Every structure is written in C-alpha cells, then in structure tokens.
Amino acid sequence: RRGVLDLAAPAGAQVTPAAVESFLAEVGSIWRSVTQAQSTYKLRRMAEILAPERDFSWLREIEKDLALVAYPRDRFDRIVTTEVLVEAGLALIREAELADHRRRRWRATQLRNGLMIALLALHPIRSKNFAALSLSRSFVRQGDSWCIRLGSKETKSGRPDVRRVGRELNRAVAL
C-alpha cells in the first residue's frame with residue numbers, strides 16, 4: 001500500500017527490522033495481541049523458509065515479546081444456554097401464531113425457524129441428521145406426541161436413536 005516493496009529483491013529480503021516495526025505499528029491499534037503474536041510467528045517461519053541463509057533471531061525476539069503479553073479474549077460471554085435458545089424458538093413460534101393470516105409464508109417460515117431453534121436446543125443431533133428429518137419417516141407421531149427416530153444406519157454410533165420431542169414443542173409441530 002505504501003509502495004515500499006522492492007520487486008527486484010528476493011522475498012526473504014523484504015523482512016527487515018524497519019519493515020516489521022512499521023507493520024506492527026500499523027496493525028497494533030486494530031489487531032488483538034494474540035493475532036499480532038501469531039502473525040509475527042508466521043512471518044518469521046515464512047521468512048526462514050524463503051531465506052534460510054539469513055538470521056532472523058531478531059524477529060524471534062520480537063515474536064517472544066509479543067507472545068509474552070498476548071492474552072486471548074474472554075469468550076464466555078458468547079455462550080448461549082439451552083434455556084435461552086428454547087425461549088427464543090418459542091418466541092418465534094408465538095409470534096407466528098399471533099400473526100394475521102394474510103402473511104402465510106412469513107408465518108410458516110417464522111414457525112419453522114422457531115421450531116428448529118427450540119428442537120436443536122432440546123434435542124441436539126448431528127446437522128446431517130437434522131437436515132434429513134422428514135415427516136412420517138424420521139419425525140413421527142406416537143400417540144399425542146412427536147418423536148425423532150433415526151435408524152442405526154443414520155447414526156454415527158450405528159445404534160438407533162429415538163428421542164421424544166418435548167411437550168412444549170408438540171403443539172408447534174402440529175401447527
């Protein structure tokens with residue numbers, strides 16, 4: 001971007017203390033510490049491969065310094081509990097039930113999406129199996145409730161899997 005690349009020089013020669021310092025100054029305000037440390041590691045490894053005759057110990061020191069202060073971002077705030085997912089799914093279902101009849105496609109889509117969210121939260125199965133569910137074959141009615149029925153050839157473990165759908169979802173499935 002700044003026009004400082006020497007197109008006539010070999011790739012390994014581009015990795016200089018001044019270029020790395022400039023690079024780190026540019027990304028320092030926009031990248032997190034772990035990304036900076038990992039990117040510097042990758043840069044050093046690539047430079048060693050491209051120019052094995054050159055000494056990149058100076059870059060290894062920068063890499064170690066960055067790794068020392070690198071801390072990953074806390075990701076626990078991203079965890080969504082089963083209860084929250086089920087409630088979100090049920091809210092979509094309620095919203096579809098209360099909608100007027102002029103928007104049938106929207107209503108059906110809303111109902112389907114809510115059912116999928118709640119169903120996966122309560123009965124987690126492999127996405128391949130979930131996508132292949134079909135009424136009266138793998139998604140069947142037993143009495144007044146619904147079940148997910150997967151045959152032994154459909155499961156990873158090779159054993160049949162039967163799960164009764166929670167009571168709160170039976171009414172939504174029947175819609």
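Here's a quick briefing on one loop proline and two surface patches. Keep in mind that this is a predicted model. The proline is Pro160, which sits in a loop between two strands. One patch is positive and built from arginines, Arg73 among them; the other is nonpolar and includes Ile117.

- You'll find Pro160 in the loop that links strand 2 (145-150) to strand 3 (161-164).
- Pro160 has a relative accessible area of 61%, so it counts as exposed, the cut-off being over 50%.
- Leaving out residues up to four places away in sequence, Pro160 touches Leu150, Gly151 and Ser152.
- Take Leu150: it is 10 residues from Pro160 along the chain, and the two C-alpha atoms are separated by 5.7 Å.

**The positive patch**

**The nonpolar patch**
- Val80, Val84, Leu85 and Ile117 make up a nonpolar surface patch of about 290 Å².
- Ile117 is part of helix 5, which covers residues 104-122.
- With a relative accessibility of 32%, Ile117 is partly exposed. Patch residues need over 30% relative accessible area, so Ile117 passes that cut-off at 32%.

Methods. Residues numbered from 1 in each chain as written. Predicted model: local features only at pLDDT ≥ 70, side-chain atom pairs only at ≥ 80, totals over all residues. Heavy atoms only, no water. Helix = DSSP H or I, 4+ residues; strand = E, 2+ residues; numbered from the N terminus. Buried < 20%, exposed > 50% of the residue type's maximum accessible area, 1.4 Å probe, protein only. Contact = heavy atoms within 4.5 Å. Patch = residues over 30% accessible without salt bridge, like charges linked within 9 Å, V, L, I, M, F, W, Y side chains within 5 Å. Areas by Shrake-Rupley, 256 points an atom, 1.4 Å probe, with all protein chains shown as cover. Salt bridge = Lys/Arg side-chain N within 4 Å of Asp/Glu carboxyl O. Lys, Arg positive; Asp, Glu negative; His and termini not counted. Charge placed at Lys NZ, Arg CZ, Asp CG, Glu CD.
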